[in-house]
Amino acid sequence: PSFSPDGTKIVFRSERDGGGIFVMESMGGSVRRITNFGFNPAWSPDGREILCATAGIEDPQYRQVHPSQIYRIDLATLQPRPVRTEGDAVQPSWSPHGFRIAYWETSLSGQRVIWTIPAGGGEAVQVTAGTCVDWNPVWSPDGRHLYFASDRNGITNLWRVPIDERSGSPLGEPEP
């Protein structure tokens, strides 16, 4: 589940009624289905759209290559719009100023790598590399760092990398 930027709503994945993404008031009330697909929903900074991936994650260590796409869902029209439809893209996270979307993928070689892509779609920028398992990217509130889980030092821990929110390019090496 994820709280809206203003804290008045919650978006979540549920298996109810065949599964999908649902929104409800944060203090309770009726539940509204916004898609019949999707996992790991995330709010746009303005609260008008939801991101979701078409595949869910149970364990990043053992995830095989299962192509997953990222979609934006406009809450006024409920129309999904593709952001990333090539390869694999899971656990999307919108940057705080709405410029980019971070996600991770399982490559054909089995690596788990973090990328960013413009929020409207376009060319992806690779943020991490190596044989480690990097997953679950989350932007810092100021957009200057991207936090993620990784086993790059032998055990799973929290890492961050300085990043340019507009270009999606890393500005240094990941640090624990």
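Biologist: What share of the contacts in the protein chain with a separation of 6 or more comes from residues 24 or more positions apart?
Modeller: That share is 34%, where a contact means heavy atoms within 4.5 Å. Keep in mind that this is a predicted model, where local features need pLDDT of at least 70 and side-chain atom pairs count only at pLDDT 80 or more, while totals for chains, interfaces and linings use all residues. Residues are numbered from 1 along each chain as its sequence is written, and side-chain values use heavy atoms, leaving out hydrogens and water.

Biologist: Thanks! How many helices and strands does the protein chain have?
Modeller: Zero helices and 15 strands, counted as DSSP runs numbered from the N terminus (helices are H or I, at least four residues; strands are E, at least two).

Biologist: New topic: how many residues line the largest pocket?
Modeller: The lining has 23 residues, and Ser2, Ala42, Trp43, Ser93 and Trp94 lie nearest the centre. On a 1 Å grid over the protein atoms alone, a pocket is an open set of points where a 1.4 Å probe fits, with protein on both sides within 12 Å along at least five of seven lines; lining residues have an atom within 4 Å of a point.

Biologist: Which strands supply at least two residues each to that lining?
Modeller: Strand 1 (2-3), strand 5 (39-43), strand 9 (90-94) and strand 13 (134-139) each do.

Biologist: And how many of the protein chain's residues count as buried?
Modeller: Of its 176 residues, 45% do, with buried meaning under 20% relative accessible area (1.4 Å probe, protein chains only).

Biologist: What does the C-alpha trace span along its principal axes?
Modeller: About 45 × 30 × 30 Å.

Key: Buried means under 20% relative accessible area, exposed over 50%, partly exposed in between (1.4 Å probe, protein chains only).
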